[in-house]
Structures are given as C-alpha cells and as structure tokens.
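Dear colleague,

I am handing over a structure that may be new to you. Please find the sequence and the coordinates below, followed by an account of what was found.

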Amino acid sequence: MKTLTPFLLTAVLSYSSLAGASVVVGEEADNIAGKGIGGWTGILLGGAAGGPLGAIGAGLLGAWAGGEVQESSGLSGTAYRVELDNGDEAVVRSPKQQWHKGDVVEVVGNRLVRANRNN
C-alpha cells in the first residue's frame with residue numbers, strides 16, 4: 001500500500017476541479033504576454049533606479065503599460081469566458097483553438113477541449 005500511495009495522491013491532485021461540461025458564453029482580449037513583459041521590464045528598471053519601492057511601482061506601471069500596448073497594437077490573444085457546470089464562470093485562455101458562443105467544452109487544466117458528448 002505504501003508504494004501505491006504516491007500514485008493515488010498524484011492522481012487525486014492532478015484532477016482539475018474545473019473539469020466537466022461547460023458552455024462558452026463570451027470572449028475577452030488576452031494581454032497576459034504584454035503585461036508580463038512590461039511588468040518584468042518595469043521591475044528591473046525601477047529596481048535599478050529606485051530600489052525596492054521603485055521596483056514595485058515601476059513593475060505595476062510596466063504591467064499596465066504592457067497590456068495597453070499589446071491591446072492597442074492589435075496583438076491581443078483570445079480568452080474565453082466559460083460557464084462551468086456548477087454555475088460559476090471562469091476565463092480560460094485558448095491560444096491555438098477558436099471557440100464560439102454556445103460551444104460545449106470541457107476545461108482541462110487551464111485549456112479548453114471539445115466536450116465528450118458520449119457521457
């Protein structure tokens with residue numbers, strides 16, 4: 001039993017609580033890449049110029065500016081607002097697959113996949 005415990009624990013922890021049939025209810029702009037690049041640039045430059053407080057302030061400002069630049073340049077990705085089977089809503093990125101309002105999907109990990117209708 002001791003050798004089986006890690007495998008059972010891994011299986012339980014890897015199961016996503018978001019998995020289940022869900023419906024796409026809308027889409028949103030996804031600017032996470034711009035925010036990440038802008039935030040890290042701000043942290044580095046602000047830290048060099050103003051120490052820890054400069055890093056925090058410039059990091060926040062850089063994240064906001066990076067997201068705005070990505071959106072205004074038309075390079076935003078697409079994230080989808082999904083109504084989960086328990087009634088909650090979640091925003092899930094799907095960079096390689098396009099979905100439409102009303103599509104039945106499953107949230108597996110942090111990605112959308114087509115729902116298995118055989119259940």
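Gln-70 is a buried residue, with a relative accessible area of 13%. Please bear in mind that this value, like those that follow, comes from a predicted model. Gln-70 has its place in helix α2. A polar atom of the Gln-70 side chain lies 2.7 Å from the backbone nitrogen of Gly-34. Leaving aside residues up to four places away in sequence, Gln-70 touches Asp-30, Asn-31, Ile-32, Ala-33, Gly-34, Leu-75, Ser-76 and Gly-77.

A second residue of interest, Gly-39, also belongs to helix α2, which covers residues 32-72. Gly-39 counts as buried because its relative accessible area, 8%, is under the 20% cut-off. With residues up to four places away in sequence again left out, Gly-39 is in contact with Gly-59, Gly-62 and Ala-63. Between Gly-39 and Ala-65 there are 26 positions in sequence, and their C-alpha atoms are 8.4 Å apart in space.

**The overall arrangement**

The protein contains 2 helices and 5 strands. Read from the N terminus, these elements follow the order α-β-α-β-β-β-β. Of its 119 residues, 27% are buried. The protein exposes about 8,300 Å², and carbon and sulfur atoms supply 62% of that area. Among contacts with a separation of 6 or more, 58% are between residues 24 or more positions apart.

**The sheet**

The 5 strands form an open sheet with antiparallel pairing, in the order β3-β2-β1-β4-β5. Strands β3 and β5 are the edge strands, each pairing on one side only. From one strand to the next, the twist averages 45°. In general, the strands of a sheet pair through backbone hydrogen bonds, in either a parallel or an antiparallel manner.

Strand β1, residues 21-30, runs antiparallel to β2 and is joined to it by 7 bridges. One of the pairs concerned is Val-24 with Val-82, the latter in β2. Strands β2 and β3 are likewise antiparallel, pairing over 5 bridges. Here Ala-79 has Arg-93 of β3 as its bridge partner, and Tyr-80 has Val-92 of β3. These two strands form a hairpin with 5 residues between them. Gly-87, in the turn of that hairpin, has a positive phi of about 95°.

**The nonpolar core**

Which residues make up the largest nonpolar core? There are 10 in all: Val-24, Tyr-80, Val-82, Leu-84, Ala-90, Val-92, Trp-99, Val-105, Val-107 and Leu-112. The elements that contribute two or more residues to this core are β2 (77-83), β3 (89-93) and β4 (104-108). As a general matter, nonpolar side chains in soluble globular proteins tend to be buried together.

**A loop residue**

Finally, is Gly-109 buried or partly exposed? Gly-109 is partly exposed, with a relative accessible area of 43%. This residue lies in the loop between β4 and β5, the latter spanning 111-114. The C-alpha atoms of Gly-109 and Val-92 are separated by 9.6 Å, while the two residues are 17 apart along the chain.

With kind regards

Definitions and conventions. Residues numbered from 1 in each chain as written. Predicted model: local features only at pLDDT ≥ 70, side-chain atom pairs only at ≥ 80, totals over all residues. Heavy atoms only, no water. Helix = DSSP H or I, 4+ residues; strand = E, 2+ residues; numbered from the N terminus. Buried < 20%, exposed > 50% of the residue type's maximum accessible area, 1.4 Å probe, protein only. Contact = heavy atoms within 4.5 Å. Areas by Shrake-Rupley, 256 points an atom, 1.4 Å probe, with all protein chains shown as cover. Polar contact = N/O pair within 3.5 Å; in protein donor to acceptor, adjacent residues only side chain to side chain. Core = buried A, V, L, I, M, F, W, Y, C linked by side-chain atoms within 4.5 Å. Pairing = 2+ DSSP bridges. Axes fitted to C-alpha atoms, helices over the stretch in contact; angles between N-to-C directions.
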